[in-house]
Amino acid sequence: MVKHITEILKENDFDVEVGVYVVETAFESHLVTGDDPTFAILLEYDALPEIGHSCGHNVMAATGLNAYLALAALVRKNPNSFKCTVKYIATPVEEGYSGKEVMARGGAFKPEYLDACIMVHSCGYDLADQVWPRRSVLNVTFHGIAAHASSQPFMGLNALDAAAMMYQGLAVLRLQVLPSDRIHAVITKGGTCQSIATGEAEMKFYFRSKFPDTLKDLSRRVENVVKGATQMTDYGVDIEWGYSPVTLGVRANYQLVSRWVEA
């Protein structure tokens with residue numbers, strides 16, 4: 001996708017820099033018709049493993065590209081039609097990671113360089129502004145003792161049992177969290193053979209909440225579920241928070257949103 005989009009940009013005589021803001025698959029281009037203000041058109045193009053596009057990032061990439069090309073065509077036809085600096089910034093690594101947060105730490109969105117950003121996101125209906133919940137990520141590895149599940153099950157500790165208990169604990173927790181909270185879980189490793197008590201089980205999680213404080217509280221309660229599952233069975237556990245930076249909510253510029261709706 002990076003190669004395809006950047007080739008289109010180069011064919012239309014745009015400068016392109018790939019690998020910007022410490023993200024290998026991010027790129028940036030510029031359309032300069034004046035000095036201030038400076039705003040960015042953002043695009044995403046991620047897909048999910050073994051599934052493909054689910055959020056419509058392919059549509060978002062095409063929309064951002066065409067907006068940039070259309071604006072450039074307008075300026076080239078009438079140089080006085082638009083007076084500012086436009087950045088076209090690809091923000092990949094959004095499925096399962098926090099690409100924009102990494103790029104922000106790399107300097108992509110510093111206020112002294114950028115006044116505002118615009119982009120579209122696929123949705124099932126027309127929507128100008130939306131609450132984007134904060135998200136944190138968690139990996140959990142339960143350590144048991146492998147043993148033959150038929151002849152000597154008493155010699156082992158089945159780590160899959162701990163994963164199952166944690167999953168059920170989260171099912172109970174879901175009934176007691178805020179309506180805006182979300183808990184997503186998957187067991188990525190649960191054993192390789194039915195006749196062997198699993199020595200190690202792995203789980204991966206997303207947790208989402210509307211506010212930073214509620215996300216912090218949800219994370220605390222989830223960690224208590226993890227510890228409870230291990231204490232019930234005397235398993236060892238590795239708890240890894242934040243292999244991806246915490247994703248905070250989008251702060252909408254309501255003046256831009258209002259002009260968008262009006263236009």
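Glu200 is partly exposed, with a relative accessible area of 26%; here buried means under 20% relative accessible area, exposed over 50%, and partly exposed in between (1.4 Å probe, protein chains only). The model is predicted: local features need pLDDT of at least 70, side-chain atom pairs count only at pLDDT 80 or more, and totals for chains, interfaces and linings use all residues. Residues are numbered from 1 along each chain as its sequence is written, and side-chain values use heavy atoms, with hydrogens and water left out.

**Salt bridges**

- A salt bridge is counted when a side-chain nitrogen of Lys or Arg lies within 4 Å of a carboxyl oxygen of Asp or Glu, and the structure has five salt bridges by this rule.
- Glu200 forms one of them with Lys189, at 3.0 Å from N to O.
- This pair links distant parts of the chain, 11 residues apart: Glu200 belongs to strand S10 (residues 200-209) and Lys189 to strand S8 (residues 182-189).
- Helices (H or I, at least four residues) and strands (E, at least two) are DSSP runs, numbered from the N terminus.
- Lys189 is partly exposed, at 36% relative accessibility.
- Another salt bridge joins Asp217 to Arg220, with the closest N and O atoms 2.8 Å apart.
- Asp217 and Arg220 are separated by about one helical turn, because they lie three residues apart in helix H5 (residues 212-233).
- Asp217 is partly exposed at a relative accessible area of 33%, and Arg220 is likewise partly exposed at 47%.
- Glu223 and Lys227 also meet through their side chains in a salt bridge, at 3.5 Å from N to O.
- About one helical turn separates Glu223 from Lys227, since the two are four residues apart in helix H5.
- Glu223 has a relative accessible area of 23% and is partly exposed; Lys227, at 37%, is partly exposed.

**The five-stranded sheet**

- An open sheet of five strands has the order S1-S2-S4-S3-S5, with mixed pairing.
- Strand S1 (17-18) and strand S5 (116-118) stand at the edges with a single partner strand each, so one side of each has no neighbour in the sheet.
- Helix H1 (residues 2-11) packs on the sheet and touches S1, strand S2 (27-32), S3 and strand S4 (85-90); the direction of H1 makes about 20 degrees with that of S2.
- Contact means heavy atoms within 4.5 Å, while axes are lines fitted to C-alpha atoms, for helices over the stretch in contact, and angles run from 0 to 180 degrees between N-to-C directions.
- Two strands pair if DSSP finds at least two bridges between them.
- S1 and S2 run antiparallel and are joined by two bridges; Val18 has Phe27 in S2 as its bridge partner.
- S2 and S4 also run antiparallel, with five bridges between them, and His30 is partnered by Lys87 in S4.
- Strand S3 (residues 38-43) pairs with S5 in the parallel sense over three bridges, where Ala40 stands opposite Cys117 in S5.

**Cysteines**

- The structure contains zero disulfides, a disulfide being a pair of cysteine sulfur atoms within 2.5 Å.
- For Cys84, the closest cysteine sulfur is that of Cys117, and the 13 Å between them is too far for a bond.
- Cys84 is buried, at 4% relative accessibility, whereas Cys193 is partly exposed, with a relative accessible area of 33%.
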